[in-house]
Amino acid sequence: MTKKQVVTPRWGWALTGSGHFFTESLEMIRTLGHCDLFVSKAAAEVVRMYKHDLNLPDTIRIFKDTTASAAPVGGFYYNVYHTLVVAPATSNTVAKAVYGISDNLATNVFAQAGKCRVPTIVFACDTAPELETRAPKGMVMVYPRRIDLENTDKLKTFEATQVVESLAALQEAVERRKRELAEQA
């Protein structure tokens, strides 16, 4: 299969500018098969800072945040996607999603998925009063603000949106969605 042979419907996955489980998210993306990866400008910076590569299977297309109107989101209108995953999702992305701001590729795909009733899984990074996370030079402690925690809770109330708070929960949600899709086929 070449990149030009696009199987639909397919997974959509938005990467944001968080290093929190970024490597593990890339590993999970590699297992999905047919997927479109939406890379925000901040995610592209993380790829460079953390010295990652986006060497992905040919069945995965990569869309980078290069247009003012986030043109790649059009596929949501035409049933190209059965599922959107936003992982890892920064507190900035979560806040924008909660308040309806769609000013970058990640927040635009989230908004369009919601408008088109595409089931969405969001792996929010700031979910506990304190947590250990990966920075470019190693592990660090972070202390999410009350507003970050409140926004994560608000996002949990969105229709067709599942918010997960750990890597294990993300893996479980993706596997559950795979089973649902297999049952529908």
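This report describes backbone features and aromatic pairs of a predicted model.

**Backbone geometry**

Positive phi values occur at two residues that are not glycines, N79 and A160. For N79, phi is about 60 degrees. This residue is found in the loop between β3 (60–64) and β4. A160 has a phi of about 55 degrees and lies in the loop that runs from α5 (146–155) to β8 (161–164). With a relative accessible area of 47%, A160 is partly exposed.

**Aromatic pairs**

Across the whole structure, a search returns seven aromatic pairs. One of them is formed by F38 and F76, whose ring centres are 6.2 Å apart; the planes meet at 35 degrees, so the pair is tilted. The two residues come from distant parts of the chain, with F38 in strand β2 (residues 35–39) and F76 in the loop between β3 and β4, 38 residues apart. Both partners are buried: F38 has 0% relative accessibility, and F76 has 2%.

F110 and F158 make up a further tilted pair, with 6.2 Å from centre to centre and 40 degrees between the planes. This pair also links distant parts of the chain, since F110 belongs to helix α4 (residues 105–115) and F158 to the loop between α5 and β8, a separation of 48 residues. F110 is buried at 9% relative accessibility, whereas F158 is partly exposed at 24%.

| Residue | Relative accessibility | Class |
|---|---|---|
| F38 | 0% | buried |
| F76 | 2% | buried |
| F110 | 9% | buried |
| F158 | 24% | partly exposed |

Which residues form one aromatic cluster? The cluster consists of F38, F63, F76 and Y81. It therefore includes both members of the tilted pair F38 and F76.

Conventions. Residues numbered from 1 in each chain as written. Predicted model: local features only at pLDDT ≥ 70, side-chain atom pairs only at ≥ 80, totals over all residues. Heavy atoms only, no water. Helix = DSSP H or I, 4+ residues; strand = E, 2+ residues; numbered from the N terminus. Buried < 20%, exposed > 50% of the residue type's maximum accessible area, 1.4 Å probe, protein only. Phe/Tyr/Trp six-rings, centres within 6.5 Å; stacked < 30°, edge-to-face > 60°.
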